[in-house]
Structures are given as structure tokens and as C-alpha cells.
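Please look over the sequence and the model shown below.

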Amino acid sequence: MPQNSSLRFWLALGWMALVIGWAWWEYSHYSGLYRWLAEWQIEKWGGYEKMWTAAIPAFILMIPAFRVLRERELLNQASLIAGDDPVPILRRVRTGMLICGVVLTLVAGGAWLYSQQLPDRSDPPVTVDLAALGDAAPPAGSAIFAHAVPDTGRALQMEEAFRSRSADIDHQTIYVPVLAEGAAQDAPVRFFIDRASYAFTDSQEAPRVNAFLADHMQGVLVENGLPADVVAAFEKQGLPIASPHYLMTTNSVGGRQNYYITAALAGFGAFILFLLSAVQSVSIARARKRQQG
């Protein structure tokens, strides 16, 4: 295999890794091209598809790398037809798959182990008195707000549509600013609470902002826990947000959700790579058997 072809092969893999990292960064920070495409969709249709907004530009940018990989495959096939020994090529491909699989396994394990150090909703809650807290930092973890007023007039409702076989289902997450009793309305908001619900699109269910009563504000307090697109939406409607801010999430896994998603995706990717490397091992064994025959 020509040295130039090998260099192009590794450059293509590096470019794909770079594009994936760039897409993930813009998705997680709601910035750059991802934010521009999301806001364009919101302006046109009132919402946007999170996954496709990141995946489609990344796929387009990776097309040159796909072409290089295709050329590499054609060269491999040509070498096999010419009677060259395929085992070294197959072994190099298997080694690359195993290395990538091990890296993804470490990412998955690290994300899961780190998530277990984060607070969980099942922990005994701590009462956070917003009126007495002042400007001090609250304790992170399972908590209950006291002397807190939900500002439902400035609530933000985020929607994401899910397709099912029977009907369209809306996933609605409501984010409500929470103020200390007697706090000024124009001060930067330090505290928020969320509430998620599912409903059929034709049910005309009203946003459940009335569920945010003082004795129901319990969850897991996460520093800077608002998603980046939610922060941008609040700022767009003129709501000042303090830095740092704190989100009391009512999600069942608290602040561990993103790490669980990372662990699941990395683990799935590692499983696929290990499976493909096993298939490659079978191909190597068959190639050796043909050589011996």
C-alpha cells in the first residue's frame, strides 16, 4: 500500500474525529453554526430538531473523509485481486478498531464513575432558605426551596416533538425563575426550577406552571444547570441570569443525565467496534486458511 494512501487514510480519520468533536461542542454550548441553524428553524417552524441540527452539518463536512475511506477500500480490493497478502491490512484495521473501542470504553466508564459522585434525588433533601441565603452559594444536591416565589409570569416552555406509531407526542419542559421573598424583579435571577411533561399534540394541554407551588419546589440543585439553548431563550426575552445560576431539576436522575447519555453512547460505540473487530478476526482466520490451502 503506498505511503501516501496510508497518510490520507489517517488524515481522514483525524478529520472525522475533529468534526465530531466540533459538532458536540457546538451542540453542548448552543453556539456557532448549530445555534444559527436552530434559531432559523425556530423562526420558521417554532421549534428545532436537536439531533439533526447537529448531525446533518457534521455529515456534510465528513463527506471528503468518506471519499478517502472509499478509495482506501477500493485499493484494498485491488490488492486482493492481484494476489497480495491481505492479512497485514486486515490486522491493521482490526488494531485500529480495538484501539478506538478501548478509548470509547474508557470514556463510558469514566462518565459513569464521575456521575456516581454527583448528587442524586434519592438523597435526603436539604432546605435552602432563599431569603436567608442572600448572595451566598447554596449547597448542591437534593434540596427543598423555602421562602421562595415561583415567577410563573416569566416562565419559559421548551417543546420537543416525538414520533410514535399511534400519535405525535409533545415533550414539554417548563423552566420557571424562582425569587426569594421580597426580592427585586429586575435583579439577575439566580434560581430556576424545571418540570417536564408528555402530552398528545392534539390534547391542547396548557403549560402546567400552576404546579410550581412553594411546597412542591423540591429536586436536585445543579450549578449552571440550565441547558445552553434555554439560557439563550431567557436572554432573548430580556431575563437577566446571574452567574453562576442554579437549576433545581425535577428530572429523576438529577444532574447525572448528561453523563448517563455520554456513557450510553460511548458504550454503544465501543460495542459496535468490538463486534466489528471480532468479524475482522474471522476474516483474518479465513485469509490464513486460504493461504495454507
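Isoleucine 144 stands opposite glutamine 218, a residue of strand S7. Strands, like helices, are DSSP runs numbered from the N terminus, with at least two residues (E) for a strand and at least four (H or I) for a helix. This is a predicted model, in which local features need pLDDT of at least 70 and side-chain atom pairs count only at pLDDT 80 or more, while totals for chains, interfaces and linings use all residues. Residues are numbered from 1 along each chain as its sequence is written, and side-chain values use heavy atoms, with hydrogens and water left out.

S7 covers residues 218-223 and runs antiparallel to S2, to which 4 bridges join it. Two strands count as paired if DSSP finds at least two bridges between them. S2 also pairs with strand S1 (residues 126-129), here in the parallel sense and again over 4 bridges. How many of the 6 residues of S2 are buried? The count is 5, so S2 (residues 141-146) is largely enclosed by the rest of the structure. Buried means under 20% relative accessible area, exposed means over 50%, and partly exposed lies in between (1.4 Å probe, protein chains only).

Two loops that involve these strands hold residues with a positive phi. Histidine 147 is placed in the loop between S2 and strand S3 (148-150), and its phi is near 50°, a positive value in a residue other than glycine. Histidine 147 is partly exposed, at 41% relative accessible area. Asparagine 224 lies in the loop between S7 and helix H7 (228-236); its phi, too, is near 50°. With 40% relative accessibility, asparagine 224 counts as partly exposed. A cis peptide bond, with omega about 0°, joins serine 243 to proline 244.

Helix H5 takes up residues 87-115, and its end C-alpha atoms are 42 Å apart, which agrees with the 42 Å that its 29 residues should span at 1.5 Å a residue. That expected span is 1.5 Å times one less than the number of residues. Among the buried residues of H5 are Gly96, Gly101, Ala108 and Ser115. Serine 115 counts as buried because its relative accessibility is 0%. Beyond its neighbours within four places in sequence, serine 115 is in contact with Arg256, Tyr259 and Tyr260, contact meaning heavy atoms within 4.5 Å.

Helix H8 (residues 257-292) contains alanine 270. This alanine 270 is buried, at 3% relative accessibility. Its contacts, leaving aside neighbours within four places in sequence, are Gly101, Leu104 and Thr105. Alanine 270 and leucine 98 are 172 residues apart in sequence, yet 8.6 Å apart in space, C-alpha to C-alpha.

Side chains of opposite charge can pair when their charged atoms come close. A salt bridge here is a side-chain nitrogen of Lys or Arg within 4 Å of a carboxyl oxygen of Asp or Glu, and by this rule the count is 2. One joins arginine 35 and glutamate 39 at 2.9 Å, N to O. These residues are 4 apart in helix H2 (residues 32-45), which means that about one helical turn separates arginine 35 from glutamate 39. Another joins arginine 154 and aspartate 151 at 2.5 Å, N to O. Arginine 154 is partly exposed at 21% relative accessibility, whereas aspartate 151 is buried at 12%.
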